[in-house]
Amino acid sequence: MPILRALFGLLLILALPAKALAQDNSLSYYPSRPVRIVVGFGPGSAADLTARVLAQRLSQTMGQQFFIENKPGGGSTVAAEQVVRGPKDGTTLFVGTVANVINAVLQPDLTFDFAKDFTPIVYATSSPNILVVHPSTGVSSVKELIALAKAHPDKVFYGSSGVGTSPHLSGELFNMMADTKMVHVPYSGSAQAVTDLLAGRTQVMFSPASTVLQYVASGQLKALASSETTRASAAPDLPTVAEAGLPGFDTSVWFGLVAPAGTPHEIIDRLAHAVDDALQNEAVISSLHAAGLDIKGGTPEAFGAFLATETKKWNEVATAAGLRK
């Protein structure tokens, strides 16, 4: 009997590391099935382009197909809600954007909490907003725009692609930091907003680079600055707003990969390494730059810290502008 008990004990000791090894092996083989990346905007959007370029590279490097599912609606809330309720095993991922943070700030009655219900993986790409003005304003710099807006409170109009969008809140952040009172004019999309800006019915706009740089090149609009803290790859000679007169100003349309909260840390880490490596691949960089997107990358922790900063900033802007429900 003592010999049998000893043998049984030895078997238990040997079984423990074997079990642990089996668990480690199962994770090392992730993904063992195709992985779906859900995008809350339609095909051809910057979120979609980011996801497709990364999915193609990840399919090559991770041994399984990564495919895209577009589910537009509600400024990306419809897609986010679907992913929150989905599997937490790394087979369903989501492209989080600045829209999700802004929605969380402006719509506290959402059925999910973006900050708590998603786990950050990697901050992937961003596209700065370009601050442009109609030539009739006569301004050629951020400081001159501030002077004009202060001299004519409530008489300078800035357009946006809609209430609660990044261009809208970029304008509100500008008002807050510059102590100006430019008036917001919302449209149902960027195209209509740019049309009225070109016609001189509005004077100012923060707009995605891909939407307005062609009009800057033709002289129909004047570009004053880009909105991120680093210069845009699409307009490297253009100063940032921070450089041009408002230190600390930083807004962009950004995109990052997230997973439902509860996804194993080992899977998050494996994905983070794979995505960060992909963002350093020359073909990936070339494709994203061609779409007017700047490359980011980094760790889940760094992306989490960025999301916390974004949430705090847009909370302050929404409060100052009286935008909360």
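## A tour of strands and packed helices

Start by selecting strand 5, helix 7 (residues 166-178) and strand 6, which together form a right-handed β-α-β unit. Keep in mind as you go that this is a predicted model.

Strand 5 covers residues 157-160 and strand 6 covers residues 183-186; they run parallel and are joined by four bridges. To see one of these pairings, pick Tyr158 and look across to strand 6, where its bridge partner is His184.

**Next stop: strands 1 and 2**

Select residues 35-39 for strand 1 and residues 66-70 for strand 2. These strands are also parallel, with five bridges between them. Click on Val35, and you will find its bridge partner, Phe66, in strand 2.

**Staying with helix 2**

Show side chains here. On helix 2, select Leu49, Thr50, Val53 and Arg57; they meet Val284, Ser287 and Leu288 of helix 12. Coloured by class, this contact shows four nonpolar residues, two polar and one charged.

**Over to helices 8 and 9**

Select residues 190-198 for helix 8 and residues 209-217 for helix 9. Here the axes come within 11 Å and cross at roughly 25°. That angle is under the 35 degrees used as the limit for roughly parallel, which means helix 8 is roughly parallel to helix 9. The crossing of helix 8 past helix 9 is right-handed.

Which residues make the contact? From helix 8, show Ser190, Val194 and Leu198; from helix 9, show Thr211, Val212 and Tyr215. In this contact of helix 8 with helix 9, four residues are nonpolar, two are polar and none is charged.

**Last stop: helices 4 and 13**

Finish with helix 4 (residues 98-106) and helix 13 (residues 300-321), whose axes come within 9 Å and cross at roughly 45°. Helix 4 and helix 13 are therefore oblique to each other, and their crossing is right-handed.

Bring up the side chains on both helices. Helix 4 contributes Val98, Val101, Ile102, Val105 and Leu106. By class, the contact of helix 4 with helix 13 has eight nonpolar residues, two polar and one charged.

How values were computed: Residues are numbered from 1 along each chain as its sequence is written. This is a predicted model: local features need pLDDT of at least 70, side-chain atom pairs count only at pLDDT 80 or more; totals for chains, interfaces and linings use all residues. Side-chain values use heavy atoms; hydrogens and water are left out. Two strands pair if DSSP finds at least two bridges between them. Helices (H or I, at least four residues) and strands (E, at least two) are DSSP runs, numbered from the N terminus. A crossover is right-handed if, with the strands pointing away from the viewer, the path from the first strand over the helix to the second runs clockwise. Axes are lines fitted to C-alpha atoms, for helices over the stretch in contact, and angles run from 0 to 180 degrees between N-to-C directions. Angles under 35 degrees count as roughly parallel, over 145 as roughly antiparallel, 65 to 115 as roughly perpendicular and the rest as oblique. A crossing is left-handed if the near helix is turned anticlockwise from the far one by less than a right angle, and right-handed if clockwise. Contact means heavy atoms within 4.5 Å. Ala, Val, Leu, Ile, Met, Phe, Trp, Tyr, Cys and Pro count as nonpolar, Asp, Glu, Lys and Arg as charged, and the others, Gly among them, as polar.
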